Amino acid sequence: MDIIVLKHSATKKEIHHIVKKLLNKGFKTNISKGTERTVIGVIGDTSKVTDEENSTFEILPGVEKIYRILKPFKLASRDFKPKNTVIRIGRNTIGAKKIHVLAGPCAVENMPALLKIAKEVKKAGATFIRGGAFKPRTSPYSFQGLGEEGLKILADVREKTGLPVVTELMDPRDIDVIIKYADVIQIGARNMQNFRLLQEVGSHNKPVLLKRGLSATIKELLMAAEYIMAQGNNKVILCERGIRTFETATRNTLDLTAVPVLKKLSHLPVIVDPSHGAGKWDLVAPMAKAAIAAGADGLMIEVHSNPEEALSDGEQSLKPHRFKTLMKELKAIAKVIGREI
Ligand code: PEP
Ligand code: MN
């Protein structure tokens with residue numbers, strides 16, 4: 001018993017009774033109201049539910065059918081919710097026809113620099129500004145980000161440009177300050193399996209951009225999304241950003257097959273980050289184009305006015321004029337596949 005599909009005629013009272021019975025058994029529920037029918041997702045360890053117990057639910061008024069899901073992820077699964085999830089962020093909707101491009105520097109460095117980049121990427125068609133205030137650096141001696149000061153700069157830039165802000169949360173202790181300033185909370189690759197962090201963002205209702213771990217399988221990525229959703233936050237955007245392989249010619253190996261695989265297994269929006277995937281600026285454009293052709297709902301691209309001087313990830317950052325050219329090409333590709341940028 002994982003999914004309870006309700007009859008069209010199910011009344012509020014009947015639904016309430018089913019939910020109460022589930023809660024009494026120690027389960028949580030997630031109700032998804034589609035245009036066709038309403039479905040109750042049963043959250044908790046359902047593997048121990050016996051066939052007898054299952055049939056006591058099957059006979060309840062309002063119940064059409066009960067399904068067991070064999071996949072370990074449930075709420076993130078397309079079996080649970082066949083229709084694509086569309087996430088509304090201000091005036092933007094991620095997961096619908098429009099492809100969104102989230103652009104900006106790896107790290108927030110200072111106000112004038114971020115504002116300059118934001119204005120340029122916006123003009124080229126980007127719909128979100130990205131930038132890290134808390135940076136997960138490999139070396140403890142590298143620039144660690146501006147912290148709250150960086151978040152204030154991001155919020156100021158949103159004020160001046162109208163672009164919503166995407167920024168990374170690394171530590172549950174910073175959740176309140178991130179929520180105050182960000183429109184989308186990024187969970188970075190290194191924290192994809194930081195389960196306490198996932199539960200923390202799951203217990204708020206800010207959209208979460210969940211990046212695939214450096215050596216995580218697609219199933220592990222979906223289980224990480226499940227951690228967030230099990231706490232009640234369904235606004236999860238999945239992000240393929242490259243995985244570690246034996247290949248050394250690129251920083252990571254961008255796994256573009258993850259896009260159609262994730263789309264098949266899950267209803268959640270999928271975006272691609274070709275900047276971290278490739279790790280070199282000249283590889284970003286071809287991989288961005290391929291990602292759109294593969295069906296991604298969006299892209300995250302690092303842009304810096306002066307990559308040579310960037311405090312992090314300069315080698316993979318596009319200069320604004322190159323970003324502009326790429327956006328033009330992406331628009332053409334989007335059109336061919338019936339989407340828009
Ligand atoms: C980033 O987006 O700047 C970042 C650190 O990404 P990732 O977690 O994918 O390495
Ligand atoms: Mn980066």
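## Helix H10 and its cover

In this predicted model, the buried residues of helix H10 are Val-284, Ala-288, Ala-291 and Ile-292, where buried means under 20% relative accessible area, exposed over 50%, and partly exposed in between, judged with a 1.4 Å probe and with protein chains only. The cover over these buried residues includes strand E13 (270-272), helix H9 (274-278), E14 and H11. Helices (H or I, at least four residues) and strands (E, at least two) are DSSP runs, numbered from the N terminus. After H10 comes Gly-295, which has a positive phi, near 110 degrees.

## A histidine in helix H9

Helix H9 contains His-276, which counts as buried because its relative accessible area is 8%. Leaving aside neighbours within four places in sequence, His-276 is in contact with Arg-130, Lys-211, Arg-241, Arg-251, Asn-252, Glu-302, Asp-313 and Gln-316, contact meaning heavy atoms within 4.5 Å. Gly-242 stands 34 residues away from His-276 along the chain, yet the C-alpha atoms of these two residues are separated by 6.7 Å.

## Salt bridges

Side chains of opposite charge can pair when their charged atoms come close. A search of the whole structure finds 14 salt bridges, each defined as a side-chain nitrogen of Lys or Arg within 4 Å of a carboxyl oxygen of Asp or Glu. One of them joins Lys-74 to Asp-2, with the closest N and O atoms 3.0 Å apart. This pair links distant parts of the chain, since Lys-74 is in the loop between strand E4 (63-67) and strand E5 (87-89), while Asp-2 is in the segment before strand E1 (3-6), 72 residues apart. Lys-74 is buried, because its relative accessible area is 9%, and Asp-2 is buried as well, at 5%.

Another salt bridge brings Arg-339 and Asp-297 together, at 2.8 Å from N to O. Here too distant parts of the chain are linked, with Arg-339 in the segment after helix H11 (320-336) and Asp-297 in the loop between helix H10 (281-293) and strand E14 (298-302), 42 residues apart. Both Arg-339 and Asp-297 are buried. Elsewhere, salt bridges that share partners join Arg-212, Glu-240 and Asp-255 into one network. In the salt bridge of Asp-156 with Lys-160, the closest N and O atoms are 3.4 Å apart; these residues are four positions apart in helix H4 (residues 148-161), so about one helical turn separates them. Asp-156 counts as partly exposed, because its relative accessibility is 32%.

## The whole chain

The protein chain has eleven helices and 14 strands. Its radius of gyration is 21 Å, close to the 20 Å that the globule rule gives for 341 residues, so the chain is as compact as a globular protein of that length; this radius is taken over C-alpha atoms, and the rule is 2.2 Å times the number of residues to the power 0.38. Of the 341 residues, 54% count as buried. Among contacts with a separation of 6 or more, 68% come from residues 24 or more positions apart.

## How to read the values

Residues are numbered from 1 along each chain as its sequence is written, and chains are lettered from A and ligands numbered from 1 in the order in which they are written. In this predicted model, local features need pLDDT of at least 70 and side-chain atom pairs count only at pLDDT 80 or more, whereas totals for chains, interfaces and linings use all residues, and side-chain values use heavy atoms, with hydrogens and water left out.
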